[in-house]
Amino acid sequence: MACVLFKKIRAPVFFHSYKILSQKRTQFQLLSLFSLSIGNIHANPNEESVPSFSSRLLSKTHLVPVNLEKSSPCGRNPCGEIISSNKTITSYVRSGDLDSALQFFNGMAVKTTVTWNSILTGYSKRPGKVTQARELFDKIPQPDTVSYNIMLSCYIHNHDIDIAWDFFLLIPIKDIASWNTMISGYARKGMMAKAHELFFEMPEKNSVSWSAMISGYVECGNLDSALELFKAAPVKSVVAWTAVITGYMKFGLVELAEKLFWEMKVKNLVTWNAMIAGYIDNCRAEDGLKLFKVMLGFCIRPNPSSLSSVLLGCSQLSALQLGRQVHQLVCKFSICDDTTASTSLISMYCKCGDLEDAWKLFLETPGKDVVTWNAMISGCAQHGEGEKALHLFEKMRVDGIKPDWVTFIAVLLACSHAGLVDLGKRLFDSMVRDYGVDAKPDHYTCLVDLLGRAGKLIEAVDLIKKMPFNPHSAIFGTLLGACRIHKNLEVAEFAAKNLLKLDPTSAACYVQLANVYAAMKRWDNVSGIRRSMKDNKVIKTPGYSWVEVKSVVHQFRSGDRMHPELASIYEKLRELEKKMKLAGYVPDLDFALHDVEGELKEQLLLSHSEKLAIAFGLMKVPLGTPIRVFKNLRVCGDCHHATKYISAIENREIIVRDTTRFHHFKDGICSCKDYW
């Protein structure tokens with residue numbers, strides 16, 4: 001047995017769609033998978049399994065021959081043959097080959113209730129086959145309780161909950177499985193009042209009954225009721241424990257989830273996945289990846305769901321090297337053809353700044369679904385490849401994949417970053433008209449961003465006023481950011497006023513408005529903003545950047561005084577500054593938000609976190625390898641300007657990701673074409 005181990009790293013995690021990790025996590029060490037030959041890892045032998053109807057048929061259903069006058073006595077047609085035939089049908093059904101199962105079924109001279117139940121199971125597993133399933137059920141000469149339960153399950157799987165209830169009432173002898181199937185159906189539909197009523201009516205309960213109720217309450221967000229039942233349950237199954245852990249994570253009660261997890265005597269893969277995903281969802285990716293290491297240490301084989309969560313954690317941490325190693329795990333476990341795993345890998349590569357590898361993987365992925373296309377289109381948009389993103393959108397439609405609301409966010413984002421205003425507006429209009437996709441607040445945010453970046457601020461304000469629902473804070477934040485670019489104080493104050501009504505503690509609002517005032521040299525207003533922030537106890541998120549070198553993440557704050565190689569970094573920056581000025585670089589002092597002398601402003605700009613990270617990358621990242629820098633805030637205009645010069649002077653490709661997009665700097669040019 002060879003297990004995968006991790007080396008520690010520390011660093012805060014930022015990505016624009018995720019919460020900010022605790023400021024106490026100032027450094028982190030991440031994970032080096034130095035062994036990937038995991039031949040003996042297997043699924044947890046303690047994993048709780050729920051037997052399917054077909055697996056219980058032989059043990060729970062008596063044999064009832066059909067067409068007895070045509071059948072031979074048991075001596076001439078041995079019962080063993082019937083059992084063997086039933087197993088053959090079950091095998092076809094489990095593999096999804098219903099046609100072969102039917103052909104074999106129709107060729108049988110003697111059919112038992114088990115035989116009918118086996119083929120009925122095949123129909124019940126096929127969405128949209130409920131009519132055929134009922135026709136088959138009605139032909140069963142002597143249906144037993146299992147027959148009724150399979151048909152009941154078929155109605156529920158086809159979302160016919162009312163018909164399922166009517167059918168449930170017709171079952172002559174209801175066993176525990178009958179009640180559990182009906183309760184689970186109501187729970188999945190979120191109809192917990194009906195599920196609760198049935199639960200207390202049923203004459204006998206087992207662990208599945210309790211688990212169905214607990215899981216149902218967790219799913220619909222009623223954690224209190226779930227906990228009440230969990231405490232009352234005489235036998236707590238792995239499913240029940242896992243459901244409560246999921247509930248704790250869903251409500252951000254991470255410590256309680258941890259406590260419950262380690263109290264469990266028996267855990268299955270779903271339990272481990274719930275904890276890992278819970279960490280990731282609560283912006284504790286480092287903890288999630290550490291737990292993944294522990295899971296591998298117990299030789300539990302991960303599934304696509306496990307690896308998807310881990311890859312999402314890599315994206316949050318911008319840990320490209322670790323993501324590559326997880327990619328090797330995906331190949332080791334022979335799930336490269338799994339669409340979920342491939343899509344997660346594509347998303348990880350995009351979010352970690354490697355669009356080229358994401359594109360290669362996208363081309364190799366079989367059976368692409370809408371999520372796969374969305375991941376690649378979004379990646380292209382984020383990296384400034386607007387035309388490529390829109391080409392993919394057209395190809396997606398040609399291939400018969402119907403776009404969803406996420407697709408349109410991606411294409412509107414692509415139009416926004418590429419400055420394609422008219423096309424973006426047409427796509428927005430066609431979304432409802434041609435594709436039946438309802439416009440959500442996020443679509444309006446993209447459209448406001450599109451208009452704002454193009455300087456059409458009045459049109460953006462008119463759009464906000466005409467929206468069919470109340471604008472959320474992101475819309476006004478987007479408008480305010482555009483005002484800073486175009487130095488429109490009137491619209492900026494309108495956006496800031498509305499944003500503060502929705503979120504009085506928004507540090508970004510104060511900072512953006514201060515940026516507008518500073519750009520217009522209104523330093524008294526900048527000072528007033530600072531006083532207002534202090535009076536309202538609003539704390540500005542400190543800006544910092546990080547760069548990964550040999551699987552270790554190095555973090556820098558503006559004006560950093562903590563990094564052990566700081567002297568060499570500043571020496572490198574001063575050397576770069578001289579070369580840049582000789583090449584024509586002039587510092588943009590509007591981005592130093594302090595009313596101080598020009599020379600001091602230049603020093604403040606030189607110590608911005610992204611410049612420190614870039615200088616360190618130039619020192620440590622091998623030639624020929626892109627330098628990838630990640631920033632928790634929007635890259636400032638002066639740093640953007642300076643990085644173009646640095647890429648040309650040093651002949652290096654520099655990729656910077658901020659909260660808005662990726663910037664690919666090469667030969668003095670940025671992929672955003674100075675439009676961000």
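# Briefing on a predicted chain

Arginine 134 has a relative accessible area of 27%, so this residue is partly exposed (buried means under 20% relative accessible area, exposed over 50%, and partly exposed in between, with a 1.4 Å probe and protein chains only). This is a predicted model, in which local features need pLDDT of at least 70 and side-chain atom pairs count only at pLDDT 80 or more, while totals for chains, interfaces and linings use all residues. Residues are numbered from 1 along each chain as its sequence is written, and side-chain values use heavy atoms, with hydrogens and water left out.

## The chain as a whole

- The secondary structure comes to 33 helices and eight strands (helices are DSSP runs of H or I with at least four residues, strands are runs of E with at least two, and both are numbered from the N terminus).
- The chain has 676 residues, and 53% of them count as buried.
- The chain's accessible surface is about 31,000 Å², and carbon and sulfur atoms account for 53% of that area (areas come from the Shrake-Rupley method with a 1.4 Å probe; for residues, only the protein chains shown count as cover).
- Of the contacts between residues at least 6 apart in sequence, 65% join residues at least 24 apart (a contact means heavy atoms within 4.5 Å).

## Salt bridges

- Side chains of opposite charge can pair when their charged atoms come close.
- The structure holds 22 salt bridges (a side-chain nitrogen of Lys or Arg within 4 Å of a carboxyl oxygen of Asp or Glu).
- Arginine 134 forms a salt bridge with aspartate 138, at 3.0 Å from N to O. Both residues belong to helix 5 (residues 130–139), where they are four residues apart, about one turn of the helix.
- Aspartate 357 and arginine 324 form a salt bridge whose closest N and O atoms are 2.7 Å apart. This pair links distant parts of the chain, since aspartate 357 is in helix 19 (residues 355–364) and arginine 324 is in helix 17 (residues 320–332), 33 residues apart.
- Glutamate 575 and lysine 572 meet in a salt bridge of 3.8 Å, N to O. The two are three residues apart in helix 30 (residues 566–582), so about one helical turn separates them.
- Glutamate 575 counts as partly exposed at 35% relative accessibility, whereas lysine 572 counts as buried at 14%.
- A network of salt bridges links Glu255, Glu258, Arg284 and Asp287.

## Helix 21

- Helix 21 (residues 386–398) has 13 residues, which at 1.5 Å a residue should span 18 Å; its end C-alpha atoms are 19 Å apart, which agrees (the expected span is 1.5 Å times one less than the number of residues).
- Gly386, Ala389, Leu390, Leu392, Phe393 and Met396 are the buried residues of helix 21. Seen down the helix axis, these buried residues fall within an arc of 155 degrees, so they line one face of helix 21 (the arc is that of the directions from the helix axis to the C-beta atoms).
- Glu387, His391 and Val398 are exposed on the other side of helix 21.
- The buried residues of helix 21 pack against helix 19, helix 20 (370–382), helix 22 (405–418) and helix 23 (421–435).

## Helix 29

- Helix 29 (residues 523–535) has 13 residues and reaches 18 Å from its first C-alpha to its last, close to the 18 Å expected at 1.5 Å a residue.
- The buried residues in helix 29 include Trp523, Val526, Ile529 and Met533. The buried residues of helix 29 lie within an arc of 110 degrees when seen down its axis, so they line one face of the helix.
- Asp524, Arg531 and Asp535 are exposed on the other side of helix 29.
- Lysine 537 follows helix 29 and has a positive phi, near 55 degrees.

- Six of the six residues of strand 3 (residues 544–549) are buried, so strand 3 is largely enclosed by the rest of the structure.
- Tyr544, Trp546 and Glu548 are buried on one side of strand 3, and Ser545, Val547 and Val549 are buried on the other.
- Strand 3 runs antiparallel to strand 4 (residues 552–557), and six bridges join the two (strands pair if DSSP finds at least two bridges between them).
- Tyrosine 544 has arginine 557 in strand 4 as its bridge partner.
- Two residues lie between the strands in the hairpin of strand 3 and strand 4, where lysine 550 takes a positive phi near 50 degrees.
- Strand 3 is also antiparallel to strand 5 (residues 627–631), with three bridges joining them. Lysine 631 in strand 5 stands opposite serine 545.
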